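I opened this entry to record what I looked up on charged side-chain pairs and on strand order.

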Amino acid sequence: MSAATTRSRTPDRLCAEAVDLARAAAEEAAAPGVVGEHAGVVSEGDRVVTHYFACKELGYRGWRWAATVARASRAKIVTLDEVVLLPGPDAVLAPEWVPWSERLRPGDMGPGDLLPTDAEDLRLEPGYSGEDEPLPNSPVSEEMAQLAEAEDADVTPAAPAKLPTIPVRGTIAAVAEELGLRRARVLSRYGLHTAADRWEEGFGPKTPMAQAAPASCVSCGFLARIGGSLGQAFGVCANEFSPADGRVVSLAYGCGGHSEAAVMPTPPRPAPPVVDETRVDPFPLRPAADSGSVPTTADEDAAELGHS
């Protein structure tokens, strides 16, 4: 180890003793009463020392006020370099910043929000190839591109309302427009696979609803087919009573609302009452004379015996 390195790690004596100068500078930069006790000295180099003071400010637990002092070579006067609030080893710090593209989650976008797509997004690939011609929806037409190249000028894209919407007849762009291929980018194979995995995870054959279903969606009358390569494995549920109504479902998915499920039996209905109006049933107002255990007697005898 060289002498210079040893000297730089050893705090300068005059700078290390300038605690009052460092504290006064920290108290001037901070609010009153938030600069705490002296927390140590660190050598930053030849005749450069940093004094640390505890921070008592609420919300800054573990932070320290750092006042750096220095002196010139062969000088006796110590001067202030800078004062700053720095986090200590046990400081409470904010979480590491994450770009918005990595923080975004499904369902975060609301009305009026714009979600720009990266030019190198792996989910997309060029959907139009016109050799050296610009894309059909490019803000720079072929004539303007040739003019800009000849005059070595920069062309600024105009507003969407000022862009040409109908390509010149007979060009590749016109054919692409007629075939419905006028899109700058389409889903790549990676984009198709990620979408299929995401849809199958939500409404696929491994979900509890599909495991308990009487049949799969491929035989359900409420399934609306979709086109393209994804139509070979997915469709759209159109059953308003299904939990997947309006969702893209796997053909192997299923639920209890299958169109060909067992028909519920009709609840039994009691027979209507029948009244026979041709017969009269007599209902005596008094019981028969021989129906009781008390023999029939005259009223006088009953009164003597205490019977009413």
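This is a predicted model: local features need pLDDT of at least 70, side-chain atom pairs count only at pLDDT 80 or more; totals for chains, interfaces and linings use all residues.

I then located the two partners: arginine 71 lies in the loop between S3 and S4, and aspartate 12 lies in the loop between helix H1 (3-9) and helix H2 (13-16). The pair thus links distant parts of the chain, 59 residues apart.

Are these two partners buried or exposed? Arginine 71 has a relative accessible area of 19%, so it counts as buried, the cut-off being under 20%. Aspartate 12 is buried at 12%.

I noted three salt bridges in the structure. Another of them joins glutamate 17 and arginine 13, at 3.6 Å from N to O; both residues are exposed. In the remaining entry, aspartate 121 forms a salt bridge with arginine 123, the closest N and O atoms being 2.8 Å apart. Here I recorded aspartate 121 as buried at 15% relative accessibility and arginine 123 as partly exposed at 45%.

I turned next to the sheet. In what order do the four strands run? I read S1-S2-S3-S4, an open sheet with antiparallel pairing. Strand S1 (35-45) and strand S4 (79-87) are the edges, each pairing on one side only. From one strand to the next, the twist averages 20 degrees.

Finally, I examined the pairing of S1 with strand S2 (residues 48-55), which is antiparallel over seven bridges. Valine 48, in S2, is the bridge partner of glycine 45.

Methods. Residues are numbered from 1 along each chain as its sequence is written. Side-chain values use heavy atoms; hydrogens and water are left out. Two strands pair if DSSP finds at least two bridges between them. Helices (H or I, at least four residues) and strands (E, at least two) are DSSP runs, numbered from the N terminus. Axes are lines fitted to C-alpha atoms, for helices over the stretch in contact, and angles run from 0 to 180 degrees between N-to-C directions. A salt bridge is a side-chain nitrogen of Lys or Arg within 4 Å of a carboxyl oxygen of Asp or Glu. Buried means under 20% relative accessible area, exposed over 50%, partly exposed in between (1.4 Å probe, protein chains only).
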